Amino acid sequence: MKALQYTTIGKAPEVVDIPIPTPGPGQVLLKVTAAGVCHSDEFVMGLPEDQYTYGLPLTLGHEGAGIVHELGEGVEHLSVGDAVAVYGPWGCGRCHNCSEGKENYCTNAQAEGIMPPGLGAPGSMAEYMLIDDPRHLVPLGDLDPVKNVSLTDAGLTPYHAIKRSLPKLGAGTFAVVIGTGGLGHVGIQILRALSGATVIALDVNDEKLELAKKVGAHHAILSDKNAVAAIKDLTGGLGANAVFDFVGVQPTVEIAGASVAIEGDVTIVGIGGGMLPVGFGAIAYDAAVRTPYWGSRAELIEVLDMARAGQISVEIETFGLDEGPAAYERLHEGSIRGRAVILPNG
Ligand code: NAD
Ligand code: ZN
Ligand code: ZN
């Protein structure tokens, strides 16, 4: 089968031919219908050799959807032909956090060498994909896999981040979304559907700001040195009750820290390496700062329910598997509108 693999540190990913895997006991083989392209892949492929821990070659793709193709021995409650989405943050399934469905916060994964597909285990950018446990599959039902595959990360991650701040986002409040790309443009829709907040979106060019407005931002402003003043202006001088930074570079974490209101939340989702100094006087009184990772299995079910209810939808651009390297180039140059989705089986 064809797969898009990262094979050499510092080089672009390439399409290779590898054997179709066979599901062992308890495993499931999917025929992949769609695979999303996340900025975290670019982060991983940008790491120098001494910091790269994901194994080579690495079949990319941590957003995946597929059709159940073959069941390993002993797998129950799934049938060949079922349409499913992959819950990506694989954990041990036994620790306290996993028992709550929060495998994104598994406390055994590191010690046991359990890694998510596309981030250690072979990912979804291949014609077929091996799932280690049926627990990591969620039924898609009649949701279009191509339009919805990215909800497994670009939907789930902002949902998890936003859900914890909802008690602070009643009527008359303000939420800031920094970075309106894959995650951010879904985050805006989640905020509009679940909160009473006025949503202020920040990005670096007019096309991105236009998308932010289209998906529901009340205000869309450039992310530059005037951004904090603009946010203060829009919030009557008080700042935002919650700021979600889907970029996480130094300039954006600084905007996030400077624009949060008293008792507000700063949530840094982007992994751009920015550092926000926190201490008395450095940030608004009683502000909370969080750095969440991905989301729980139950939250993925909730996100898919939001899509079924028509509350959120992902803007996508599709690519064939052979066009995978080009999709990553487009992501790198910042010209993807919404999310790039690869169709490994055409
Ligand atoms: P993306 O490339 O689709 O979107 C990023 C957006 O940020 C783009 O619209 C870009 O124009 C904008 N941007 C860049 N610099 C900016 C700036 N200075 N100010 C405002 N906007 C700016 O990326 P994505 O796939 O949505 O991922 C976003 C970030 O979240 C990445 O760092 C990614 O690695 C990270 N991520 C984190 C988690 C997690 O669990 N914490 C999960 C998925 C992705
Ligand atoms: Zn991701
Ligand atoms: Zn666990």
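Let's start at ligand 1: one of its oxygen atoms has a polar side-chain atom of Lys208 at 3.4 Å, a polar contact being a pair of N or O atoms within 3.5 Å. Before going on, a word on what you're looking at: this is a predicted model, where local features need pLDDT of at least 70 and side-chain atom pairs count only at pLDDT 80 or more, while totals for chains, interfaces and linings use all residues. Residues are numbered from 1 along each chain as its sequence is written, ligands are numbered from 1 in the order in which they are written, and side-chain values use heavy atoms, with hydrogens and water left out.

Now the zinc ion, ligand 2. Its donors (N, O and S atoms within 2.8 Å of the metal, or 3.2 Å for Na, K and Ca) come from Cys38 (SG), His62 (NE2) and Asp153 (OD), at 1.8 to 2.3 Å. Water is not among the atoms, so the site may look incomplete. Are His62 and Asp153 buried or exposed? His62 is buried at 3% relative accessible area, and Asp153 is buried at 6%; buried means under 20%, exposed over 50%, and partly exposed in between.

Finally, the cysteines. With a disulfide taken as a pair of cysteine sulfur atoms within 2.5 Å, the count is zero.

Methods: Buried means under 20% relative accessible area, exposed over 50%, partly exposed in between (1.4 Å probe, protein chains only). A polar contact is a pair of N or O atoms within 3.5 Å; within protein, one must be able to donate a hydrogen and the other to accept it, and residues adjacent in sequence count only if both atoms are side-chain atoms.
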